[in-house]
Amino acid sequence: MIAVNLSDEDRWKKYNNFSPLISIFKKFHPLNDEIERRINQHTFPVSYKKNKYLVSPVDRNKFLFLIVKGVVRGFIKDGTAEITTWIAKENEVVGTIRNLWVEGDSEEYLQALEDVDLIAIPHVLSEYLYENFTEANIVGRKMMEQYYRSAEERAYLCRISSAEKRYKRFLVSFPDLINRVSLKHIASFLAIRLETLSRIRAKI
């Protein structure tokens, strides 16, 4: 993936002339002008059509992505089976976690489940901000807390013994995804056979 060579003004014209990542970060802590300047300079918008891969195991992990519009899932393969490990939507930051900020391969795929608009966040930018700005570390810590809670919820879902209870928990925890994500991906996420999920939905 290569950044389009546009000025900051042209790059962010459709986003009120600044990177949407700035607004997300400011929800966690105020930013200084230098942080905002570097974010505008080094992040950039990208788009993918539905079902396209943002990242696959053949790609080198160089970016995180802020989802501006659309839904993305992460999955790994077990033979021919796809195991959905997470599903994310607007205003969430996603990426391959197993090799985050380190050189190395990952088994993870990131796939657009709708047409998506994203902001690419180079790892080199994240590392620079962490190393040079206290504000960035505060933002990072608070975002990590949020994503840790989300990971804990996913772990809890996987350990509920009843398939019906897992689906009911999904409806409570992710109510805005039920009409945006195909049943086969929800079934994969919940470790339920598609036929079983269809029966559960018909029942409740």
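Which charged end sits over the ring of phenylalanine 75?

1. The charged end belongs to arginine 73, and it lies 3.9 Å from the centre of that ring. A charge counts as over a ring if NZ of Lys or CZ of Arg is within 6 Å of the ring centre and within 35 degrees of the ring normal.

2. A word on the basis: this is a predicted model, where local features need pLDDT of at least 70, side-chain atom pairs count only at pLDDT 80 or more, and totals for chains, interfaces and linings use all residues. Residues are numbered from 1 along each chain as its sequence is written, and side-chain values use heavy atoms, with hydrogens and water left out.

3. Rings of Phe, Tyr and Trp (its six-membered ring) pair if their centres lie within 6.5 Å; planes under 30 degrees apart are stacked, over 60 edge-to-face and the rest tilted. The count is 10 aromatic pairs. Tryptophan 12 and tyrosine 15 have ring centres 6.2 Å apart and planes at 55°, so they form a tilted pair. Both tryptophan 12 and tyrosine 15 are buried (under 20% relative accessible area; exposed is over 50%, partly exposed in between; 1.4 Å probe, protein chains only).

4. Phenylalanine 75 also pairs with tyrosine 109: with centres 4.8 Å apart and planes at 5°, the pair is stacked. Phenylalanine 75 has a relative accessible area of 1%, and tyrosine 109 one of 15%; phenylalanine 75 is buried, as is tyrosine 109.

5. Elsewhere, ring pairs join Phe44, Phe63 and Phe65 into a cluster.
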